[in-house]
Amino acid sequence: MSNVLKPLTPPHDPEIAAVLAGYPQQDGYVLSLFRTFANSMRFLTKAVPNLLDKDSPLSLREREIVILRTTAKLDCEYEWGVHVAIFAKAAGLSDAQVAATRNGAANEVVWSDSENLLIRCVDNLCDRGSIADAKLADFQKMWSLDAQLEIMALCGTYHTVSFVANSARLDNEDFGTQFPRC
């Protein structure tokens, strides 16, 4: 067995195939990231909880802002590009807003006040591991306890996703969007 982290190629062992069948796919294609997770059955089944369900306390737009900002801050073009390609339009994000998740400051005029707060809080979580005192009260007023925990879980999960995709040197998916060039 190789110690090089890379996507597994089909055909997969039946146990792995059964778990991958529960992951999102398009016409039978399983993303390189998920096939990289399959290097460890434990990781594939336990390490990255699926927070992308309809029961999230966050709106699709809020969720995608958190994911895009987190993956952009970690320089993970692979995952950022997958989410832009699949979710940005459905989340109602404009091209300028998508670009701002990568290159913009937390006070960009393209965002509403609550979205600016969300981006500042994500930046704090990514940079410091907590939300600064100056923003914490606003964060607590803006989002329910469920939503606060979901924001933190998304930041943590997409740190892990970014670590895996970046360390495995995953090429962008064919359909993935590239980072905007400054």
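Where is the place of Y29? Y29 sits in strand β2, which covers residues 29-30, where helices (H or I, at least four residues) and strands (E, at least two) are DSSP runs numbered from the N terminus. Welcome to a predicted model, in which local features need pLDDT of at least 70, side-chain atom pairs count only at pLDDT 80 or more, and totals for chains, interfaces and linings use all residues. Residues are numbered from 1 along each chain as its sequence is written, and side-chain values use heavy atoms, with hydrogens and water left out.

**Around Y29**

- Y29 is partly exposed, with a relative accessible area of 35%; here buried means under 20%, exposed over 50%, and partly exposed in between (1.4 Å probe, protein chains only).
- Together with I86 and F175, Y29 makes a nonpolar surface patch of about 270 Å².
- Patches are built from residues with over 30% relative accessible area and no salt bridge, joining like charges within 9 Å and nonpolar side chains (Val, Leu, Ile, Met, Phe, Trp, Tyr) within 5 Å.
- The accessible areas come from the Shrake-Rupley method with a 1.4 Å probe, and for residues only the protein chains shown count as cover.

**Salt bridges**

- The model has eight salt bridges, each being a side-chain nitrogen of Lys or Arg within 4 Å of a carboxyl oxygen of Asp or Glu.
- One of them pairs the side chains of D127 and K73, at 3.2 Å from N to O.
- Because D127 belongs to helix α7 (residues 113-128) and K73 to helix α4 (residues 60-73), this pair ties together parts that are 54 residues apart in sequence.
- D127 is exposed at 55% relative accessibility, whereas K73 is partly exposed at 34%.
- D75 and R102 also meet through their side chains in a salt bridge, with an N to O distance of 2.9 Å.
- D75 lies in the loop between α4 and α5 (77-87) and R102 in helix α6 (residues 95-103), so their bridge links parts 27 residues apart in sequence.
- Both D75, at 46% relative accessible area, and R102, at 27%, count as partly exposed.
- K89 and D95 form another salt bridge, 3.2 Å from N to O; K89 is exposed at 63%, and D95 is exposed at 59%.
- Shared partners join the salt bridges of R69, K73, D123 and D127 into one network.

**E115 in helix α7**

- E115 is found in helix α7 and counts as buried, at 11% relative accessibility.
- The side chains of E115 and R61 are joined by a polar contact of 2.3 Å.
- A polar contact is a pair of N or O atoms within 3.5 Å; within protein, one must be able to donate a hydrogen and the other to accept it, and residues adjacent in sequence count only if both atoms are side-chain atoms.
- Leaving aside neighbours within four places in sequence, E115 is in contact (heavy atoms within 4.5 Å) with R61, I65 and Q97.

- N103 lies in helix α6 and is partly exposed, with a relative accessible area of 39%.
- N103 and K73 are 30 residues apart in sequence, with their C-alpha atoms 9.2 Å apart in space.
- Helix α9 (residues 145-167) has 23 residues and should span 33 Å at 1.5 Å a residue, which agrees with the 33 Å between its end C-alpha atoms; the expected span is 1.5 Å times one less than the number of residues.
- After α9 comes R169, whose phi is positive, near 55 degrees.
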